[in-house]
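The sequence and the model are shown first, and the description follows.

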Amino acid sequence: ASLLAAEPEGVAAELAHHCLASNDLVGALAASVRAAEEAAAVLAPAETLGHLTSALKLWERVPDPASVAGSDHMELMLRAAEAANAAGDLERAIAFAQDAAMTATADPARGARAYERLGGYLIEADRMHDGLRARARAVELVPAQPPTS
């Protein structure tokens with residue numbers, strides 16, 4: 001893991017594996033997020049999803065995970081939902097988006113974003129009524145001021 005950590009790029013997936021094997025959970029979380037970014041950059045959504053799923057599993061086991069990951073939990077869930085959708089796993093995309101929507105209670109604008117994504121995945125899954133309901137919830141959450149797109 002120490003040797004791999006010195007490499008500038010392209011080894012994050014292997015580093016995540018070795019960090020996890022050596023019980024370096026902080027290193028595994030950071031490397032999993034980087035591995036997801038590397039996989040997304042080469043248009044590998046299933047790989048991206050796998051790395052984000054690993055990162056989300058580590059989330060509760062790492063002190064100050066948002067600092068380690070460079071992102072908050074909700075953002076990682078939305079990224080995982082997007083990756084699942086791109087990988088053709090619509091049910092997982094829906095599940096991740098639902099979880100993100102449920103955790104976004106403190107920030108209505110972010111909650112709206114999660115519900116908008118959830119609505120899109122539900123509509124894509126031919127669950128039109130549920131999708132429209134999620135999209136309506138997104139609209140309810142968008143603050144009136146300042147005006148937003």
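## An opening question

With which residue does Arg-117 form a salt bridge? The partner is Glu-82, with the closest N and O atoms 3.9 Å apart; a salt bridge here is a side-chain nitrogen of Lys or Arg within 4 Å of a carboxyl oxygen of Asp or Glu. Arg-117 lies in helix H8 and Glu-82 in helix H6, 35 residues apart, and the pair links distant parts of the chain.

## Basis of the model

This is a predicted model, in which local features need pLDDT of at least 70 and side-chain atom pairs count only at pLDDT 80 or more, while totals for chains, interfaces and linings use all residues. Residues are numbered from 1 along each chain as its sequence is written, and side-chain values use heavy atoms, with hydrogens and water left out.

## Overall architecture

The protein chain has 9 helices and 0 strands; helices (H or I, at least four residues) and strands (E, at least two) are DSSP runs, numbered from the N terminus. The C-alpha trace spans about 50 × 30 × 25 Å along its principal axes. Of the 149 residues, 40% count as buried, where buried means under 20% relative accessible area, exposed over 50%, and partly exposed in between (1.4 Å probe, protein chains only).

## The nonpolar core

The largest nonpolar core holds 42 residues, of which Leu-29, Leu-76, Tyr-115, Leu-118 and Tyr-121 touch the most other members. Helix H6 gives the largest share of this core, 8 residues. Such a core is a set of buried Ala, Val, Leu, Ile, Met, Phe, Trp, Tyr and Cys residues joined through side-chain atoms within 4.5 Å.

Beyond its neighbours within four places in sequence, Tyr-115 is in contact (heavy atoms within 4.5 Å) with several residues, including Ala-101, Met-102 and Leu-141. Thr-53, in helix H4, counts as buried because its relative accessibility is 14%.

Arg-135 pairs with Glu-116, the closest N and O atoms being 3.2 Å apart. Arg-135 is in helix H9 and Glu-116 in helix H8, so this pair ties together parts that are 19 residues apart in sequence.

Glu-91 and Arg-127 also meet in a salt bridge, at 3.8 Å from N to O. Glu-91 belongs to helix H7, whereas Arg-127 is in the loop between H8 and H9. Together with Asp-130 and Arg-133, these two residues are linked in a network of salt bridges.
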